[in-house]
Amino acid sequence: MKTPDLIDSLVEAATPVRRLRPPLIRAALWLLLAVIVMGLLAVAHGLRSDIAMQLQQPVFVVGMVGTLATAILAAIASFKLGLPEGSRFWLLLPYPALALWVSTIGYGCLTDWVSIGPDGVRMGEAVRCFATLLLTSVPLSIAMLVMLRHAALLRPTAVSATGGLAIAAMTAFALSLIHDLDATVMILVWNLGSAALIAGLASAYGRSAFSWFASRVMPTIPPQLSR
Amino acid sequence: MGRFAGRWRKVSGLWKNSFLLSPRSQVYLAGRCVPPDSATVEARKQTTSMPTPHKPFAPRLTLVPSSGSSGDRTADSRPDWSTLMKRAQDGDRQAYRTLLQEVEPYVRSIAGRCFKQAIDVEDAVHDVLLTVHAIRHTYDPVRPFGPWLVAIANRRIIDRLRRETRRKAREIELSVEHETFPEPAANLDSNLSAELALADAIERLPPEQREAIKMLKLNEMSLKEAAKASGRSIAALKVATHRAIKNLRQLLNGERP
């Protein structure tokens, strides 16, 4: 196909489009969805039994703040990175919060090393944890993929890595809020393990997931031109 | 983004968009593409001297509204790319056509730095234009158009270069050096050489047998049609064909008829 013919077909296919809202607003919308999901989970399951006591502990509070900040900053970063002219330095935005979050986990590990008692963690709790993990991360991942589908054509890996980090941090926040996993090793496994799993899955499959979504949800390219 | 606007005032500033690309991508572009300075000159030359069929004058490279001009128009009172894109987003097809036509030589100059073959440049330009079309809703008219376009072009070009590298790592193009034998006929595909041998053998048959084979087997005529065309009896044609096949068998097995 010659370029003038291509331009003709593109002009032919040019329907009015709705402009994207500014990235901060879109990040806020995504975070609102996260709040709704977590609210529903909290209503269905209830907060952890010792929430009032935990909130007195500075390590827990700092850890929660770090997790939440990681989620918010990573969400902002991925929406900024999703725009063509967004600077790639947005990638660095969630790192300070991530460092804070990881450091509190590590600190807890050092101080509460022997806190697994004989009646520590029951199996049932772990299974419910897994349910919370899925119920939080799956809808948030789908929303992120749909909202950032245009990034498939730009830099899918960077966007999916930060997006995955945001989802992972939000999931970890929900887990700590809802389940009372006192054993530090379990917190380490659940928080860091699930975060690493989600972020790893996002970086490994983000590219193909984005293309898959883009090809289905973004039919703006005229079909005769899609190769 | 306002503080970046100054950077985009001139085309020569375009290559300074290092903050858009990762170091690996920059190395990639630097290794594959013509250095930006000469390319910029080239691009400028190309865009100003390129004959455009639709316009009496070549498009001026306008990336942001120049600071002195009033609002959304450039010095020569044509709407700039940002305004054209804004109208295109609202469904103005004429504005969209003008924009794509004006942008195309510019994208071509960017792609021209990285690809040598004209067809590769053409493909890259198509890729960039398709991407611009697909994600035109991500452009925000309050921001300059140039960085948006250049970022898309760079992403698509890097993707193409990477794909090309991967393909080249897997595939080897056959060249003259890859021929196995000095005799050209020996390098032919076996089916092809069999066909050639058969055609050669048919040519070496006696004239009557050759005619019979050509009419009945190659042209797939019926016995009646062949008899009518050649003026010979059906029985004679049958005999000639039978003998021809026998001779061909001998010829192809390397014996003399």
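Modeller: Start with how elements are counted. Helices here are DSSP runs of H or I with at least four residues, strands are runs of E with at least two, and both are numbered from the N terminus. Keep in mind that this is a predicted model.

By that count, chain A has 8 helices and 0 strands. Along its sequence the pattern reads α-α-α-α-α-α-α-α. Chain A holds 227 residues, and 42% of them are buried. Now take its contacts between residues at least 6 apart in sequence. Of these, 87% link residues at least 24 apart.

The part to look at closely is one helix pair in chain A. Helix 2 of chain A covers residues 23–45, and helix 7 of chain A covers residues 156–178. Their axes come within 11 Å of each other. They cross at roughly 25°. Angles under 35 degrees count as roughly parallel, so helix 2 of chain A is roughly parallel to helix 7 of chain A. The crossing of helix 2 of chain A with helix 7 of chain A is right-handed.

Which residues make this contact? On helix 2 of chain A they are Ala34(A), Met38(A), Leu41(A), Ala42(A) and His45(A). Helix 7 of chain A brings Met170(A), Ala174(A), Leu177(A) and Ile178(A). Sort the residues of this contact by class. There are 8 nonpolar residues, 1 polar residue and no charged ones.

Now step back to the partner chain. Chain B has 10 helices and 0 strands. From the N terminus its elements run α-α-α-α-α-α-α-α-α-α. Of the 257 residues in chain B, 32% are buried. For contacts in chain B with a separation of 6 or more, 56% come from residues 24 or more positions apart.

The two chains also touch. Chain A gives 26 residues to that contact, and chain B gives 33 residues. On the chain B side, the elements with two or more residues there are helix 3 (81–89), helix 4 (93–114), helix 5 (118–134) and helix 6 (145–170) of chain B. Helix 5 of chain B supplies the largest share of that side, 8 residues. By class, the side of chain B that touches chain A has 15 nonpolar, 9 polar and 9 charged residues.

Key
Residues are numbered from 1 along each chain as its sequence is written. Chains are lettered from A and ligands numbered from 1 in the order in which they are written. This is a predicted model: local features need pLDDT of at least 70, side-chain atom pairs count only at pLDDT 80 or more; totals for chains, interfaces and linings use all residues. Two residues are in contact if their C-beta atoms, placed from the backbone, lie within 7 Å. Ala, Val, Leu, Ile, Met, Phe, Trp, Tyr, Cys and Pro count as nonpolar, Asp, Glu, Lys and Arg as charged, and the others, Gly among them, as polar. A residue is buried if 20 or more other C-beta atoms lie within 10 Å of its own, exposed if 12 or fewer, and partly exposed in between; C-beta atoms are placed from the backbone. Axes are lines fitted to C-alpha atoms, for helices over the stretch in contact, and angles run from 0 to 180 degrees between N-to-C directions. Angles under 35 degrees count as roughly parallel, over 145 as roughly antiparallel, 65 to 115 as roughly perpendicular and the rest as oblique. A crossing is left-handed if the near helix is turned anticlockwise from the far one by less than a right angle, and right-handed if clockwise.
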